[in-house]
Amino acid sequence: MNIKIPVLIAVLAANLISCQETTEQTSIPNVKAQTAPVEPKVSAYKHLKTVDFLTGNFNPAKHQDFEAIPAKLADRAGMYAHKECLIAFKKMHTAAAKEGINIVIRSAARNFDYQRSIWEAKWSGDRILSGGINAKKQIPEPLARAKEIMKYSAMPGASRHHWGTDLDFNAFENSYFEKGEGLKLFNWLEEHAISFGFGRPYIAKGEDRPNGYEEEKWHWSYLPISTELTQFAADSLTNQDLKGFSGSETASDLQVKEHYILGISNDCLWH
Ligand SMILES: [Zn+2]
């Protein structure tokens, strides 16, 4: 027995040394990490920061970052959104459904060609504007005509719907969201949407938002991506990039980038 105790002590001591060695070994990478220079944060959306993407010159059905929206979440099949926006929307949809609220996507990604078809139909008078206005007949002057259309419709190349991050819910009239089911939905979104990453760019115009489209209570934006794209637009897009459609010559005079693309709520700007 007397002989065994020193052996036991020796074994314990050896274990202690080996533990220390192990500790030292594992601590080496930490020391290195602490002393390494801080790498600048690389955006996960860097590849989306091109003027072509920003202006919707791609096909959402073929873009690797986009995914088809299941028809049960929308009023029709065939719409697309950025896949991360869609994941967040599904979570929000489930949470709302638990409270008896049904969020229905009415519009999602729209590329340049799609937006041009809306714009040119309004520009040419083929599609009547809200308030029963025939833009071509009643507003011959180009700047005034573009301004009237832009109360609710973006110029091709200048729509947040190009980005796959912006969704329209349930109805295209503010009045829908001011009573009954619509009001219940709106109040729920105002309280909870931000916790799923969604914000509302087109709040009522006023001191905080003097320029841009009229209020749209139906339009919500997935901010983790769209704030970065908005910042990229501020830095890199010019009004001359808005081209290839009837009336595009008005973009610079109307300062579409400054007043419309950046004419959004403070919550939806980068900080
Ligand atoms: Zn919209």
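## After helix H4

Gly125 follows H4 and has a positive phi, near 85 degrees. The model is predicted.

## Helix H4

Helix H4 covers residues 112-123, a run of 12 residues. At 1.5 Å a residue, H4 should span 16 Å.

The buried residues of H4 are Phe112, Gln115, Arg116, Trp119, Lys122 and Trp123. These residues cover an arc of only 130 degrees around the axis, so they sit on the same side of H4. An α-helix has 3.6 residues a turn, so residues three or four places apart point the same way. The cover over the buried residues of H4 includes helix H5 (135-138) and helix H6 (142-149).

Most residues other than glycine have a negative phi. Asn170 is not a glycine, yet its phi is positive, about 60 degrees. Asn170 lies in the loop between strand E4 (166-169) and helix H7 (180-192). Is Asn170 buried or exposed? Asn170 has 21 C-beta neighbours inside 10 Å, so it counts as buried; the cut-off is 20 or more.

Gln255 is not a glycine either, and has a positive phi of about 50 degrees. The loop that holds Gln255 runs between helix H8 (223-236) and helix H9 (256-261). Gln255 has 14 C-beta neighbours inside 10 Å, so it counts as partly exposed.

Definitions and conventions: Residues are numbered from 1 along each chain as its sequence is written. This is a predicted model: local features need pLDDT of at least 70, side-chain atom pairs count only at pLDDT 80 or more; totals for chains, interfaces and linings use all residues. Helices (H or I, at least four residues) and strands (E, at least two) are DSSP runs, numbered from the N terminus. The expected span of a helix is 1.5 Å times one less than its number of residues. A residue is buried if 20 or more other C-beta atoms lie within 10 Å of its own, exposed if 12 or fewer, and partly exposed in between; C-beta atoms are placed from the backbone. The arc is that of the directions from the helix axis to the C-beta atoms. Two residues are in contact if their C-beta atoms, placed from the backbone, lie within 7 Å.
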